[in-house]
Amino acid sequence: MQRFLLSRIAVLIPTFIGVSIVAFSFIRLLPGDPVQLMSGERVMAPERHAAIMHQLGYDRPIVIQYLDYLWGLLHGDFGTSIVTKRGVVGEFFTLFPATVELSLCAIVIAVALGIPAGVIAAAKRGSWFDQGVMGAALVGYSMPIFWWGLLLIILFSSVLKLTPVSGRIGYEFFFTNGTGFMLIDALASGQKGAFASAVSHLILPSVVLATIPLAVIARQTRSAMLEVLGEDYVRTARAKGLSTYRVIGLHALRNALIPVVTTIGLQVGVLLAGAILTESIFSWPGIGKWMVDSVFRRDYPVVQGGLLLIAMMIMIVNLVVDLLYGVINPRVRAR
Amino acid sequence: MSHIEAQEAAEGVGADIPTRRAKRSVRRQMLAEFWSYFSENRGALVGLVVFGLVVLIAFAAPLIAPHSPIAQNRDALLVPPFWQDGGSTAYLLGTDAVGRDILSRLIYGSQYSLFIGVLVVVIAVTVGIAVGLIAGYVGGWLDTAIMRVMDVILAFPSLLLALVLVAVLGPGLVNAMIAIALVLQPHFVRLTRASVMAEKQRDYVTAARVVGASPLRLMLVTILPNCLGPLIVQATLSFSNAILDAAALGFLGMGAQPPTPEWGTMLAEAREFILRAWWVVTFPGLAILITVLAINLVGDGLRDALDPKLKRS
């Protein structure tokens with residue numbers, strides 16, 4: 001297990017270096033030099049420009065600059081926002097709980113509906129239920145979620161007036177120092193109606209964000225289940241006279257879920273990409289909206305740092321999924 | 001008859017060697033078999049028909065669009081669709097906030113979506129297959145280097161990377177397409193490399209090499225055709241992904257710029273009217289959904305028909 005872990009981590013190092021090179025080159029690929037970017041529209045005397053370039057070290061060889069950047073990264077320095085003058089890491093972790101809360105709710109919805117739907121569809125293969133679920137899954141998979149979000153806002157916020165249009169909680173609620181997870185903070189604060197308000201704000205964005213993972217998980221569960229149901233041991237279990245419920249729930253599902261776990265893990269990248277759109281639609285103050293806003297504000301250090309932090313997040317989650325896969329699938333561990 | 005052919009005839013081997021004419025009929029037979037599998041899938045057929053319609057609409061846009069996609073009519077702002085009160089048959093699906101006909105914009109928009117899909121897939125497939133062939137065929141450190149670079153690209157959420165690339169290159173449709181092609185091509189590299197590595201060990205490749213086929217011929221003529229199945233399926237999926245991603249970039253204001261009647265850009269412009277005029281929001285998204293769904297249906301059908309492992313499952 002230890003060797004397995006070490007070998008997985010070893011593969012991550014070149015990827016991390018590559019990702020940091022991408023983030024490093026990003027600012028240097030933009031038209032104009034970094035000092036011009038910082039000064040914006042203002043005109044700057046050439047001497048002053050040269051002095052700042054020298055002061056910030058932009059006149060040194062590119063390799064030295066990169067190593068310097070890497071050194072900063074290893075010490076937790078991911079740059080400073082031009083707009084807010086705050087460190088990128090600080091901003092990231094202030095907003096990160098909002099995205100985690102949203103993503104977790106989305107993945108819970110996707111798993112809670114996707115796996116049972118896939119299992120039943122496989123068990124009743126060819127039935128109207130199967131065809132309906134697979135049709136719905138294909139529609140979900142093809143959904144432009146930014147449009148889907150707008151539709152749900154029209155229906156639930158504008159026509160039915162059931163849910164708020166945007167934000168994380170009603171304006172009447174305020175928490176001084178919390179965890180950043182609105183559901184937990186609302187519960188802990190003890191304010192009346194706070195939790196309900198947080199839930200009603202969370203529900204539409206979560207459903208929108210869950211749409212594509214839900215479709216993928218349902219499809220994957222069904223095909224994994226179908227594969228397992230054709231195996232000899234399932235036929236044996238059936239021949240022994242076990243009930244369909246036992247065969248599917250106890251024998252088949254366990255093995256069918258192994259590839260599904262990987263699929264769920266791979267959805268993290270999908271979720272973060274989806275969060276960019278979902279958070280923009282619902283004005284959800286998470287890292288997806290932060291990245292889009294920063295691109296528009298031309299706050300390039302934030303874009304650079306955020307890009308790198310998000311890539312690292314995904315790499316870490318993928319590593320965890322890989323390890324988890326080793327834990328639940330003994331065949332991988334043995335190798 | 002040469003002495004080799006004579007010998008083959010004597011051994012009865014020659015009869016098994018197909019002539020050129022026979023080869024063509026074998027190909028036709030394969031196509032027929034593919035079609036019979038594909039057409040068994042009703043969803044795939046429906047998808048194919050709908051997709052064909054979209055292509056037709058795109059080509060016939062100047063003929064069938066009732067209005068110009070960019071002409072503004074100040075007297076008809078936010079006119080609802082014809083079946084609602086205040087709607088008019090002059091604007092079947094209504095007009096947007098500056099009085100442009102939504103139906104005409106949707107019709108012209110199909111040109112952009114198909115163009116985006118085709119171009120992105122062509123770029124991603126060509127680059128991806130070339131890089132994948134080299135990685136899989138040459139192997140060694142070059143293979144390792146290429147695959148690490150692909151890992152790096154795949155480490156980013158595709159939409160985020162495309163968004164940042166467009167920020168670097170400048171917003172616009174062409175830059176959006178380049179960015180999307182770049183984030184989609186690692187899938188082709190991986191697929192090509194994997195199937196090349198599997199096929200490389202086969203006897204028929206060794207035989208071709210012994211006969212003296214050059215590496216280029218081995219890669220392109222001998223090996224590549226046998227790796228095409230999964231690549232075609234991936235290309236179909238990428239086609240719909242490209243349309244979705246381009247629309248998403250347009251929606252975020254980083255793709256096609258107004259007044260281009262691109263579907264995602266139309267949605268971005270419609271956002272502020274979402275509570276007043278449902279039709280400006282609903283129809284562009286519906287157009288995206290229908291097109292993408294049709295392509296994905298075809299993709300599912302292709303996968304079932306081309307992948308013998310998944311056949312009959």
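Student: Before we look at anything, what makes a residue buried, exposed or partly exposed here?
Tutor: A residue is buried if 20 or more other C-beta atoms lie within 10 Å of its own, exposed if 12 or fewer, and partly exposed in between, with C-beta atoms placed from the backbone. This is a predicted model, in which local features need pLDDT of at least 70, side-chain atom pairs count only at pLDDT 80 or more, and totals for chains, interfaces and linings use all residues. Residues are numbered from 1 along each chain as its sequence is written, while chains are lettered from A and ligands numbered from 1 in the order in which they are written.

Student: OK, so where does A:R298 sit, and how does it count?
Tutor: A:R298 lies in the loop between α12 and α13 (300-328) of chain A, where helices are DSSP runs of H or I with at least four residues, strands are runs of E with at least two, and both are numbered from the N terminus. A:R298 counts as partly exposed because it has 14 C-beta neighbours inside 10 Å.

Student: What about its phi?
Tutor: The phi of A:R298 is positive, about 55°, although this residue is not a glycine. Most residues other than glycine have a negative phi.

Student: And which way does phi go at A:S283, positive or negative?
Tutor: A:S283 has a positive phi of about 45° and is not a glycine either; its place is the loop between α11 (244-281) and α12 (287-297) of chain A. A:S283 counts as exposed, because 12 C-beta neighbours lie inside 10 Å.

Student: Switching topic, how many helices and strands are in chain A?
Tutor: Chain A has 14 helices and zero strands.
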